[in-house]
Amino acid sequence: WSLNGTLIDLRADQRRRLSGGNLVIRSLERAQDAGIYQCTAFNLLGAILSRRASLQFAYLNFKTQTRSAVSVREGQGVVLLCGTPTYAGDLSFAWVFNEYPYFVQQDNRRFVSQETGNLYIAKVEPSDVGNYTCVVVNRITKGKVLSSPTPLVLRTDGAMGEYEPKIEVHFPDMVPAAKGSVVTLECFALGNPVPEITWRRANGVPFPSKVKMKNSNVVLEIPSFQQEDAGGYECVAENKMGKNTVKGRLSFHAKPQWVQTMRDSALSIEERLFWECKANGKPKPSYSWLRNGELLATEDRIQIENGALTIASVNLSDAGMYQCVAENKHGIIYFSAELVVLASPPDFSRSPLRALLKAKAGSAVSMACKPQAYPTAISTWRKGNEVLQSTERISLLPDGTLRIVNVTKMDGGNYTCLARNQFGTASTTGRLLVTDPTRITQGPVDMEIIVGESIVLPCQIACDPALDVSFSWAFNGQLLSKLDPHYEHVGGSAAGDLMIRNIQLKHAGKYVCVVDTDVESLSAAAILIVKGPPGAPDGVTVEEITDSTAQLSWRPGQDNGSPIISYIVQTKTAFTVGWQAVNTVPEVIDGNTLTATVVDLNAWVEYEFRVLARNSVGVGEPSPASLKTRTEDAVPDTAPANVGGGGGSKSELVITWEPVPEELQNGDGFGYIIAMRPLGELTWTHAVTSAPGRYVYRNESIPPFSPFNIKVGAYNVKGQGPFSPVTTVFSAEEEPSGVPGGVWAQSISASEFEVSWQTLSDSPERVLGYEVVYWEDDTKPETMGKVRVPANQYTVNISGLKGYTQYFLTVSAFNTAGTGPRTPTINVTTKKSPPGQPPLNVEWNLIGSKLTVHWDPVVTMEMESEVTGYQVSYRRNRHREINTVTTNLTSVEIILPADDDYTIQICALSDGGEGIPTEPINIHKLSMSVRGSRAWRPATIPLSLLFIIALTAMRPTL
C-alpha cells in the first residue's frame, strides 16, 4: 500500500497491518493518516494498481462570542449572520428562536441558507423580535455547535416604507456540477412587500418534470444532473415596487467511464500487440499505460498514442500485467489485462493427422498440418519416403494444408507432415484410403395410400465394404424420431427401408432417405399422398324453415386426397336418441352441392342439423351442429292411439288413450277433444281436456255397464286435427249385490289353510271374481291379508301363516265397481308347527347298490305337531332331480341304480308339515361291489368286511 505516492513500510508501522489484501489502520490520526491511498497487487505473472481511495477526517469548530443586538425598523429586511466555523465534511444549518427547541420556520418571508448558514428575513414584523441562535451540524460526525444569541429589536423611529426587491442570496456566475449529482441553487430577496421568487432557463426551455422547487421557490433542485441540464439559469425576485434578477451558469463535468477496453492476450513471440482503450468524460480524459504497476514510456518497439498501445514484436520480457489509465480532474479509472508471450517447438499432440482418412474416388481431399508452435512452424509433406511438390492435382497451401483433387486408388497410402521452427521439429502420419462411390440401387417412389394402411418405403444401396454406412429418414425437412410408434427402420445393415404403420393424414408429405458413409452423403426422395375420409364440413346454416321443411347450406371441408362424392344430412331433437338420418331434396346430395332441403320434419319442434361428407375412402367426421331452430306450428296431424276405457264409479264413463307425443303436437295450446254417444244413437257429445291419456265423463243418467261409441281427437292453436277410429267403451258398473254361500275353511298345515265357497250363479251384476280377506286379530290390522281369484274358482289355499294360530276370514264377490257384501266371519286354526329337530344319530351303510339308513326317532315338543312318518330325499351328484322315499319307520333301504356319488337328507313328517332336515350326507360310491360301514357306530360292523366311508356334512339344499 502507498499513501500520497509513498510506499507504507508495514514492518516498521505499529498502527497499520494487512488483513488479506485489506489495509487495517487503528488509532486513526488526522495528521498522519489523511491522504490518497493505493494498493498494488502482484504475483509471479505481474502486478496491477487498484483505484485510488481518499481518506479525510470530518470535524467542526466554532468560536462563540457575545453578539450585539441588531436594530431594524418594522417592514425592513434583515440578515443575521451565523459566522464562519472551521470544519471538514458537509454541514447543515438551522436557527433557534428565543430558546431551544423552537426553530425558525421557513416560509416566503424567512429563509435559512444552507450555503452561508445565515438567516434572511425579507420583511421584519413585530413578532420577529427576540433572540436568534445559529445551530451548525456536521452531517458526518453528527457533531453540533451553537452560536451566541443575536438579539433582534425594533427601532422606535417609525416603520420602513415599501421598496423594490434586493437579492441577498444567489448562486455564483459559474457552478460546476457532476454527472448524476443533485444540484441545488438558492435565491432569496429582501423587500417590502415580500418578493415572489421565480426561475427560468436562459434558453427558454421549460424545466423537465424531475426539477423541484422548494421553500416557496427559494430553492431550485435538479436531481441526477445530466449534460442537457447544463446552461444558463435566472432567478427573478419581484414585488409591486419592482423586480431584480440574477444569472448564472451550470457547467457539466463527469469523471472518466470506459467505452472500450482490451482483453487478455496470448501472442507468439515476435507477433505484434495492439491494445486500445477509450473512455468518455468531461473534460476529455488523458491516457497512460502501466506494466506491472510501472509507467510505460514510448521506445523503439513500444508506441503509446492516446489510448492505444502497440508493441511491434513481443518478446518474453513483455509478458505481464498491463493497465490502461484514463484520468481527468474529476477522477481516474484503471482497466487491467494480461499479456502472455508464447515460445515452443511444434507439437502435434492436440491435432495429429487422422490415423485413417477415407475418401471417395474422384473427390477432393484436404489434410491439415496444424501443430501447436510458437512461432508458427514451417511444414513439408511426404508420401511414404517421397517429398511432395505442388502439381496440377496436389496443392501445398500456405497454412500447411495438403490438398489433392480428383483422387484415385493410386493416391492411397501413408502421408507425413514435418513441422519446424527455431525451437525444434515434430511430425505426424496418417493413412489415406480411396474407396469406390456409393450408389442407391432402390429408392422410395411417389405413392398414394389410404388412411390406416401400412407401407414400406425402400432405400437400398451398393457400397464399398470398407465404408461404415448409416441410414436416416427426414419427413418434410425434419428428422424422424425413433420414438414415433408409426415409424420403424427395417431391412438390415445393407438397406434403410422405412415401414410406416397405420398411416394417418398427417403422414402425407415428402420423405427423404439419407445415406451417410465415411466419405459422402446421398439421398433419395418421394412424395407420399395419403387419402382419407373427408374432413368435417363447416358453417351449417338454416336458411329457411317451414312447418315440415328446412333449407340448409354449408361449406365443404378438406377432401383429404379424394374428391367428395356426396353429403349426408342428420338431425337431432330433444325427443331423439342421438343423431338420425333425414330425408332430403335432392334425395342424393352430390359432392358439388352445398345446399339441400330437409323434408318430413315435425311441426313446432326444435331441430339441430349436421352434415357429413363421403368420398371413395369413406364417410368423414360430422360438421359442428347448426344453431337450434324451431319449425313453424301447424294443425295436429296425428290422432290419439289405443282409445279405450271402462271402470270407474257409478254414473261414470272412463275414457283412456295413448297421449300424442310432444314432438307430434305441432304447436302450443295442445289438448284433446273427446266425442261420445250411446251405442246406436247418432248425436255425439263432445268434451275438451288438456289432461293427457284419461277423461272421466260423469252423468247421473248413465246406466251401469252401458256401451258407448268413443273417438278422441287432438287440437292446438292452429286448429283441430283428426279423430281416432270409433271404439266401444262400457260405462261404470255397480258392485255385486249377492253374498257367496257355503263358506268353509280347514287347516292344511302349520302355515296354510284352505277356503271354499259357493259361486253366485244368478247375480244381476257382473261378477269378475271373489275376494278372501283374513286376519289374525281385529286389533292388529297389520295381520290382515287379502286374496282374489277369478269368478270360475270357488276354492283357494292361503299360505305363509303362523303355526297353531286362529285366523278370521270373510268372502265377497267383486267387479270393476268394487266389492259386494261380505259373508259372515268364520275362523280356522292352523296346525301346530312341524318338528323343530332333525333326526339324530343317522347311520348308513352301502353294500353293492343297496343303501341302508337308520336314525333315532324324533321327539316333538308340546307346541309341535306329532310325527306321522319320515321322508328320505336323495339325488345324484351334478343332477337336479330329487327322489323321495317316505316311511313310518326309523330306517329305510334304497337301491341306488347308478355307479355314482349321492347326497341324502332325512326329515320328519307331521300334520304341520315337514320338519327340519338333517344336514346333507355325501355317499361316495366306490364300486357296485363295495361294502359300506354305518356312521357314528363303527364298532358294530367288522372293519375287515367294510370300507369306512367318510361322512361329510354340508348345508346346501337339495
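1. Is R109 buried or exposed? In this predicted model, R109 is buried, at a relative accessible area of 9%. The cut-off for buried is under 20%.

2. R109 pairs with E125 in a salt bridge, and their closest N and O atoms are 3.6 Å apart. E125 is partly exposed, with 29% relative accessibility.

3. A salt bridge also forms between K210 and D229, with the closest N and O atoms 2.8 Å apart. This pair links distant parts of the chain, 19 residues apart: K210 is in the loop between β23 (196-201) and β24 (212-214), and D229 is in the loop between β25 (219-222) and β26 (231-239). K210 is partly exposed, its relative accessible area being 25%, whereas D229 is buried at 3%.

4. The salt bridge of R555 and D538 has an N to O distance of 3.0 Å. Here the partners lie in strands: R555 in β58 (residues 550-555) and D538 in β57 (residues 538-545), 17 residues apart. R555 counts as partly exposed at 47% relative accessibility, and D538 is partly exposed as well, at 37%.

5. D13, R15, R16 and D33 belong to one network, joined by salt bridges that share partners.

6. For the whole structure, the search finds 33 salt bridges. Among them are R109 with E125, K210 with D229 and R555 with D538.

Definitions and conventions. Residues numbered from 1 in each chain as written. Predicted model: local features only at pLDDT ≥ 70, side-chain atom pairs only at ≥ 80, totals over all residues. Heavy atoms only, no water. Salt bridge = Lys/Arg side-chain N within 4 Å of Asp/Glu carboxyl O. Buried < 20%, exposed > 50% of the residue type's maximum accessible area, 1.4 Å probe, protein only. Helix = DSSP H or I, 4+ residues; strand = E, 2+ residues; numbered from the N terminus.
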